[in-house]
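Subject: Structure handover

Hello,

Here is the structure I said I would pass on. Please open it beside this message and follow along as you read.

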Amino acid sequence: RGGDEKEIESFINREASWKGPLSIIVLAALQVVSIVFPGFAIQIASGVIYGWFHSFLMCYFGFLLGNLLVFFFARRMGNQIAGFAPVKKNKNSWIKEKLKTTKPEFVVAFVNLLPILPNGIIPYIAAGSSITTLHYFIAIAVTSWIQIFFNCLAGGFIKHGQYLFMVLALGFQISVLIFVTLKRKWLMSLIPGGDESEEDEPDSKIGLSKHIKTDKEKNDTAV
């Protein structure tokens, strides 16, 4: 509810033994399915309740499970998923372009690190690319653990009253995410076939410049 980890914690605490861990896994999967569900709050709360290690395993498993379920669903739906509002947003079009490269799995692994994108949108978009299910799973598994690990670790520190270490864990994660976001173009250029080019410009701008160039060439020819 609105990213309030205390409410999530109280909900989990009300559940009996095996229901608690199952609730964590389900909530972690729903984070992906719903797109807007508060993954950060779930991971912090589970770290407070179960400690960083067990909470990491549960959240990581749930996150991977949710990604596979959404990927299968979106790929099965095919072109029908293109009308899904978050997928057709112009601001996400650059991901679709990058996924046309020879190494779409590298693109998926990279965009999974970007805090400016809700992780739940990635499987919807990736399902429309040429990436295989196995490569998609590996790409998500390779990078998704970073945020989950540090969030669960921070929750574990809170559990033991180690607030300085909690701040350091979150601070390190935030530093990595800021670096990845600021250096997005450079990092994407390292991916085979992923050079930043005209697709970062608005389509109208590119079309206009080409149109002006064509008219100029026609005038020169006429002269």
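In which helix is the place of Ser46? Ser46 sits in helix 3.

Overall picture

Please keep in mind that this is a predicted model. Of its 223 residues, 43% are buried. Among contacts with a separation of 6 or more, 71% are between residues 24 or more positions apart.

Confidence

The mean pLDDT of the protein is 77, and 70% of the residues reach 70 or more. Confidence is highest in helix 8 (residues 133–159), with a mean of 92. It is lowest in helix 11 (residues 203–222), with a mean of 46. Over residues 196–212 the pLDDT stays under 50, and for this stretch the model has 11 contacts beyond four places in sequence.

Helix 2 and helix 3

Helix 2 covers residues 19–34 and helix 3 covers residues 39–77. The two pack at an angle of about 50°, and their axes are 6 Å apart. Helix 2 and helix 3 are therefore oblique to each other. The crossing of helix 2 with helix 3 is right-handed. Sorted by class, their contact has 15 nonpolar residues, 8 polar residues and no charged residues.

Two residues of helix 3 can be followed in more detail. The one already mentioned is Ser46. Is Ser46 buried or exposed? Ser46 counts as buried because its relative accessibility is 0%. Leaving aside neighbours within four places in sequence, Ser46 is in contact with Ile24, Gly51, Ser55, Cys59 and Cys152. The C-alpha atoms of Ser46 and Ser23 are separated by 9.9 Å, and these two residues are 23 residues apart along the chain.

The second residue is Leu65, also in helix 3. Leu65 has a relative accessibility of 32%, so it counts as partly exposed. Along the chain, Leu65 and Ala29 are 36 residues apart, while their C-alpha atoms are separated by 6.1 Å.

Helix 3 and helix 8

Helix 3 also packs with helix 8. Their axes come within 8 Å and cross at roughly 160°. That angle makes helix 3 roughly antiparallel to helix 8. Helix 3 passes helix 8 in a right-handed crossing. By class, this contact has 25 nonpolar, 12 polar and 2 charged residues.

Helix 8 and helix 9

How far apart are the axes of helix 8 and helix 9? They are 7 Å apart, and the two helices pack at an angle of about 165°. Helix 8 is therefore roughly antiparallel to helix 9. The crossing of helix 8 and helix 9 is left-handed.

To find this contact in the viewer, look for the residues on each side:

- From helix 8: Gln147, Phe150, Asn151, Leu153, Ala154, Phe157 and Ile158.
- From helix 9: Tyr163, Phe165, Met166, Ala169, Leu170, Phe172, Gln173 and Leu177.

By class, the contact of helix 8 with helix 9 has 12 nonpolar residues, 3 polar residues and no charged residues.

Ile146 is also found in helix 8. Its relative accessibility is 19%, and buried means under 20%, so Ile146 counts as buried. Ile146 and Leu177 are 31 residues apart in sequence, and from C-alpha to C-alpha they are 9.9 Å apart in space.

Helix 6

The last item is helix 6, which covers residues 104–111. How many residues of helix 6 are buried? The count is 7 of its 8 residues, and the helix is mostly covered. The buried ones are Pro104, Glu105, Val107, Val108, Ala109, Phe110 and Val111. What do the buried residues of helix 6 pack against? They pack against helix 5 (93–98), helix 7 (121–126), helix 8, helix 9 (163–182) and helix 10 (184–189).

Regards

Note on methods
Residues are numbered from 1 along each chain as its sequence is written. This is a predicted model: local features need pLDDT of at least 70, side-chain atom pairs count only at pLDDT 80 or more; totals for chains, interfaces and linings use all residues. Side-chain values use heavy atoms; hydrogens and water are left out. Axes are lines fitted to C-alpha atoms, for helices over the stretch in contact, and angles run from 0 to 180 degrees between N-to-C directions. Helices (H or I, at least four residues) and strands (E, at least two) are DSSP runs, numbered from the N terminus. Angles under 35 degrees count as roughly parallel, over 145 as roughly antiparallel, 65 to 115 as roughly perpendicular and the rest as oblique. A crossing is left-handed if the near helix is turned anticlockwise from the far one by less than a right angle, and right-handed if clockwise. Ala, Val, Leu, Ile, Met, Phe, Trp, Tyr, Cys and Pro count as nonpolar, Asp, Glu, Lys and Arg as charged, and the others, Gly among them, as polar. pLDDT is the predictor's confidence in each residue, from 0 to 100. Contact means heavy atoms within 4.5 Å. Buried means under 20% relative accessible area, exposed over 50%, partly exposed in between (1.4 Å probe, protein chains only).
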